[in-house]
Structure formats: C-alpha cells, structure tokens
Amino acid sequence: MGKHRAVKQVKRYGPFYIMALPACIYFFINNYIPMGGLILAFEKYTVSGGIFGSEKVGLNNFKFLFQSADAWIMTRNTILYNLAFIVLGTSISIVVAYLLHEIRSTVSRKIYQTVILFPGLLSVIIVSYLANALLAGDTGFINMHLLAPLGLEPVSFYSEQKWWPFFLTFIHLWQMTGTNCILYLANMSAIDPGLYEAANLDGANRFQCFFKITLPCLVPTIVTLSILSVGKIFNSDFGLFYQVPMNSGAILDVTQTIDTYVYRGLMNTANMGMSAAACFYQSVVGFCLVMITNTLVRKFSSENAMF
Amino acid sequence: MKRRMISALIAAAVSVTALAGCGGNAGETAGSGNGGEGGKESSASGTEGSASGTDAPKAATGEVEKIRIYVPTSGKFDDMDEVMAAINEISREKIGVEVEFKAYEFGQWFQQYSLFLSGTEDIDILANYGGYLNAVSQGAAYDLTELLPEYGQDIIALEGDYLKSGEVDGVQYAIPIYASYAWTMGITYRKDVVEELGLEEQVAAVKTLEDWGAVLEVVKEKKPEMTPIVSMSGNTAPVFQYGTWDDLGNNYGVLMDGGATSDVVNLFETEEYARLCGVMHDWYEKGYSSKDIQTQTDSFIVLTQNDAAFSAIGNGDFNTSFYQTTTCGKEMGTVLIGDPVARTYNNVTYTVMSNTKHPEACMKFLNLWISDPEVGTLVSYGIEGKHYEINENGMGCYPKGQDASSCTYHLGSNLSNINRILWESENPDYADLLVESNANAKKSAGLGFSFNTESVTNEITQLDNVCSKYQVGLECGALDPETTLPVFIEELKAAGIEKVIEEKQRQLDEFLAGGGQ
C-alpha cells in the first residue's frame, strides 16, 4: 500500500505542503537549530570554550533551583497563579465573549470589544504605575480618597501579603480577557445559527442556549487552549510578577515565581549555564504536563485531544 | 532505558519550545548564542579582509593593528568617526595601533553586557561597569599580568598599588580607571535649605547617623512639601550600599570599621548594622521618610531637581558635594560619616577580551589613553573648536550656541580622571584633590583584594534572593529590625552565608600572606 498511497497523497496535498514549507523552514531555523544551545545547561560556559567546547558539569547548574529554601514557595506560586489564570481566565473570557456575541448592534459591539481589548495593549510598566497610583501608601487613590474619607486606617498594600494574590489575578484578567475572548468570539460566530433558532422554537431561554449549545460547541477550543496553557504552567508572566509589585521585598512570599527568582538570583552574576538550566527545567516540566494532559483528554473524549 | 528516557526528555523540550512559538528564554539565550557564533565567523573574516586591504602588509614591521573598544555612555557620539580619525592619527604614529570605539547608551549597555561577555562579538577591549568579576569567571578577561609591565608602564606609574583592584588570585585581569578610591558613608543634603533654616551649626556637629535626625525633624516641620530623607537610587539599591565598612566586593562578609582588621564578619549580624536599621526605622515611624519609600523608584537626584527631597544616604568623598551640586542643579552639601577609607575599586574597569587577536595592541592603547592628555581629552570631549571650547578659566565648555543636547560628541568616558581637560562643571581643583585623597587616605586591610565567587555561585544566587526580600525594606526603615532582622539573618544562614564568609576569609588570608598590602 505504502508507495502507491504516498504518491497519491503528494499529488493530492502537494500544494498544501508547499504552502506549509515557509513556516516549516521558519520553525526549523528559529526554533530547532537554537536548541543545540540547550547544551549550555550542562556546562560551565567560558568564552574560550564556546557553546560546545566548555567544561561539562553535569547537573550542577540545576542545583541552585532546588537548594534554596524558597524553591517550594516559588514553585507553589508559579503553579497556583497559573492554575487560577487558566481556570478564571477561560471562564471569564467565555462569559465576556458570549455577552459580546449577544450584542446585536455592530457599532456598540465593536466599541465594547475595543475597550475590553485595550488593557492588553498596555506595557506592563504602565500597568505597574497605574496599580501604584491606586495602591501607594501616602498618595494612592484607595488610601487618600476611599479609606481616609471613610475614617479608616490607611493600608500599606506593598507590605501586606494577603492582598497580592487578588491584585495580581485581577490585573492579569483585566489585561488578558480582551485578547483571549477574541478566539472564543470567533468560534461563537461559527456556530450554526440554525441550532439557536431551533432551540428558540422549542422555548429554550438564554441560559439554556448557552449551556446546551454555545458551551458544547466551544469545548474543542477550550481544551486545546487549556492544554497549551498547561504546557506553560512553569513559566510565569515575568512583567506582571516583577514590575507590578514594584520590587517590594515584604510581599515576595506571594509574588516570587520561578522566573523572578532566576532573574533576581542571576542578574548580578550573568551565569549562562544556570539561566539555561532554569529554562531547560521549565520546558521539560511543561512538555511532560502537556503530554499528561493530552493523554488524559484522549482517554475521556478522544475527539477533543490535540494529538 | 535511561538513555532512551533522556532522549525522550530532550525531544520533549524541543517540541515544547516549538509549540510555545519560541517565546521562552531558552530559545532566546540559545538563539542569541547561535546568532553570535555566525557573527563571530563573519567578523573574523572581516578583520582578515581589512588587514590584507591596508597599505601595510601583515609581515611588515610598520604594521598597524586595529582594535575595537566597547563603552557605555550617557553622552553623545554622533561624530564618532571624525574623533576616531583624530585619535588614530596620534595612536598610529606613537604605538602603531588604530582604535574604533563603539558606544552604547547606558540602558542598552546593561542589557547587552552579558552578550558582550559571551565573546560572540568582535571586541578587543571591554568596559565593565559595576565590577568585572563576571568577566573573569566566564573566562572573558585576558590575563594581562605579563603585558602590563611590558607595555603599561604609565599605568603602573599612575595607579601603583591601586592596580591590585584589577587582580584576582594574583592575576591582573582588569585595568581600573584612575578615580577616587577613598570614600565612606555620606549624607548628601540641600545646602540652600540648611542655610535658609539656619541649621549650619547643627549640620556641622553631625558625627553619626543618629545626629542627622535632629536636622530632619526641623526640615519636616518647616518644609512640609519636602521629604526629609529618601533613598539615593530609589528602591533599586540598598540604602547602606556605601558603608563605613569595606564590603570586599559584595555584602556577604565585610571588614568592619573601614577594614581596620582583616577579620571577615557577617555585616547583618553586627551591632552597627542593627543600629543603623534602627535609626532608619525610627525615622520612618516619625514620618521623616515617605511611607512609600520601599516602592519609590525615583532617585534622589530626580526628586531634588523637583524640590521634593532634602537628603539621602550614599557615598561621600572630597568631591561629593561638588558633584551633586552640578548633577542636581541645586546647592548641595555632604556630611561624611566616619573617615574616607581607600578600598578595592573596581566599579569601572577595562578588560581585554580573552579571544582578542591583538593583546599587545590593546595594552599599548590603554597605556596611551591613560598617559597622553591629548588622547584622553579627545576620547572624552572630542575635537576642540567643534565639540568643546576652552573657557577663560582653562576648563572645557560647549562651543557657543551648543549645549548638552545639540553637541555632536561628548562621550565622557575616560581611563584616568586627571588625564584630560576639566569640564566647566567640575571642581577646578579636582585633579590635585584626587591625587592627594588617593595618596593620603587611610587604607583598608582588604585594599586590592578581589573576591573570586566561582566556588560559591549557588550560595550567592540564593543570598541575592534573600536580600531582595529584606535588605531594602530594612535599610530604608519600612521594616522593624527588632522583628525582621533576626528572620533575615536566619534565612541568610540557611542560604549559606557562612560558607561564603569562610571562603572570603580564606581568599583574603591568602591574598594578605602573598604580600597583598
């Protein structure tokens, strides 16, 4: 069967392969060739030795990630924040996308969508100062214009840990909902309107429509996006976790993630090997998680699995 | 089995990076490395090409070597080529070397510095701001021990013992610039405000940090729009970055009292440190510092320029008040806490890249740069008449009709602060005062010692992280030392500070036994 089928395939899909070629070349040059550099994670890099000739030190570079007393804290923070981002992010994006979808007037839908999208376009530096304008101890909006008129004691947000899980999650959602809901919105417009019409005729209300039609139709998208997010669960949004808390040491226990730890620890030493080791570790764990999630998905509903 | 697992893991990493669209740092590091590799090859062939292209063939004795120097600057370098031509005319004749400076804005510099160190650019001489030990530990610094006495006599004559700041384990890796080696903790304040409030006598009587509190109290009361005390560089650096102790390169193990003895101790456990943090906390509680001091990112200079701050703690020497007056644009004064002490100075150094093809030429040029006033001035300020003029006091100033923003060359970088004309904003006696200060200052027992961190990298990575949690908060006064300091010390110990101190003591003893001082 082999040869005959292969020829047939090429004949049939040839143009598609050619169309995919530029992307393949791009990925090969940009993503695969540099992977040789991963060898840095196992080396004590020196200029004279170069990338491939430096002294091999085994797993020595990975030590610093696990030796620290903070190893548990930063791993916990990274995973929990990301889980919260995935779960809340997905549900809120879907709800917002549904709301936008239900707006009949094209003009107002475009306006709302732009407004929701806008925070995602802001640089995280600007976001951190917006947060600072709200939260600062002496001059912040909350302390000066909300708590003071009410006769409440000012809160020094930048040294109290309990607030930050909420702040960071809120800021992340505020920033990312706009971009995330675009995909869902596009998917929703692709749902056959006939389904809704039939449901309406049968007397289904909005909620029933949402849960019985919209949501089931979105499941493949949700699953794919979630699997991809799970793969990045060991990487954190560096800008969010480093810039927004304004480098305040007192709240580090709830704002430190693997990325900020690596940055703070290696900023002064510029150690190539250790940086490469940290990224290597994040990628390997991320890959394993993707494989595990996908296997689980395949087991329970094989048509939704990515591969 | 094991091998299969490993290869599976590697394949794993591969596909994840691909899936993530190469957003991760792994891809970035590796990518830049690879790109650089190619760059190295092409630049190498480039050098060859230019060498064969010059009129002097390589075999001839009158051959001209070309070297490239990378420096950061906050100044202007639009007319770099023109200035280089003028410098090369001198250097070609005197030492048979042609140079090419490549200047970067400071912000960009600090982002690219690691890349420069990785050896993938065609660099011969590299400026190092904030220490050169990374260059040494990455093997990027050329061993200058033998070249220095041969081609660098003028450097030796000028810097003398201070050259040891560029040594690690007895090997000369870097040439420190000739700058002020002697300093101590200093409080910089608004002199005009002090005069306005009639506080001169009180200020003159200040001997310790505590004494300053009385001044702050008056300022807080009479100048409500001004924060009495702020952090020198915002929250990016600890307040006691410049202490009365000799920090021997990093704060993990210091010599107290300006290096009176060679006993390396844990700074954070000393009574002195607890006392200083106590003073800062007291001021914080009394409202002398802002409640937001912990997250304040603006530097003292910026705040002063806007009349929003009165004083800050930083380093102090003979020139601090003069320097701060010109940078802040206000009349500034400095109170020194303790005596200035000469210590290892390696804040700004020049290293020769270990993969250079012209080490001798590099050394020759550094020697010319430090000794020839014409070259020194050309590099710093460009061509007379075009980029600067000499005013009636014999000091440099911008030509008529030009200023800092319109002048097309004003690099500012130099190897020796006394081997160039003085700028009009500088202290007219700067050169004499500098030489005198460096010659007569008290010397720390650790002067000339550089700590080689190679064997304790893991510990220092962790210590840096512990410090980022507590140090700024404690030193700016936002955290109560009574409760926080013990926790801080405990975590430092868990992160291995004792091992670092032990190693530092061992290296220092070895250095001293080898006749360091």
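Reader: Which elements do the buried residues of α16(B) pack against?
Author: First, a caution: this is a predicted model. In chain B, the buried residues of α16(B) pack against α3 (80–95), α15 (359–371), β14 (396–397) and β15 (409–410).

Reader: And which residues of that helix are buried?
Author: Helix α16 of chain B covers residues 373–381, and its buried residues are B:Val375, B:Gly376, B:Leu378, B:Val379, B:Ser380 and B:Tyr381. Just past the end of α16(B), B:Gly382 has a positive phi of about 85°.

Reader: What about α14 in chain B, which residues are buried there?
Author: B:Thr320, B:Ser321 and B:Gln324 are buried in that helix, which runs over residues 320–328. Viewed down the axis of α14(B), the buried residues fall within an arc of 90°, so they line one face of the helix.

Reader: Why would residues three or four places apart point the same way?
Author: An α-helix has 3.6 residues a turn, so residues with that spacing point the same way.

Reader: What covers the buried residues of α14(B)?
Author: The cover includes three strands of chain B: β8 (182–190), β10 (309–316) and β11 (332–342). Just after α14(B) comes B:Gly329, with a positive phi of about 70°.

Reader: Those strands, what order do they take in the sheet?
Author: The order is β9-β10-β8-β11-β16 in chain B, an open sheet of five strands with mixed pairing. At the edges stand β9 (227–235) and β16 (442–443) of chain B, each with a single partner strand, so one side of each has no neighbour in the sheet.

Reader: In which sense do β9(B) and β10(B) pair, parallel or antiparallel?
Author: Parallel, over four bridges. One bridge links B:Thr227 to B:Ala309, its partner in β10(B).

Reader: Changing topic. How is chain B divided?
Author: Into domain 1 (8–20 + 31–53 + 62–180 + 347–428) and domain 2 (182–342). The centres of domain 1 of chain B and domain 2 of chain B, taken over C-alpha atoms, are 33 Å apart.

Reader: How many residues are in contact between them?
Author: Four residues of domain 1 of chain B are in contact with seven residues of domain 2 of chain B. On the domain 1 side of chain B that touches domain 2 of chain B, one residue is nonpolar, three are polar and none is charged.

Reader: Chain A, then. How many helices and strands are there?
Author: Chain A has 14 helices and two strands. Of its 307 residues, 34% count as buried.

Reader: What is the radius of gyration of chain A?
Author: 24 Å, whereas a compact globule of 307 residues would have a value near 19 Å. The C-alpha trace of chain A spans about 75 × 65 × 35 Å along its principal axes.

Terms used
Residues numbered from 1 in each chain as written. Chains lettered and ligands numbered in written order. Predicted model: local features only at pLDDT ≥ 70, side-chain atom pairs only at ≥ 80, totals over all residues. Buried ≥ 20, exposed ≤ 12 C-beta atoms within 10 Å, placed from the backbone. Contact = placed C-beta atoms within 7 Å. Rg over C-alpha atoms; globule rule 2.2 N^0.38 Å. Arc of directions from axis to C-beta. Domains from an automatic or database assignment. Nonpolar A, V, L, I, M, F, W, Y, C, P; charged D, E, K, R; others polar. Pairing = 2+ DSSP bridges.
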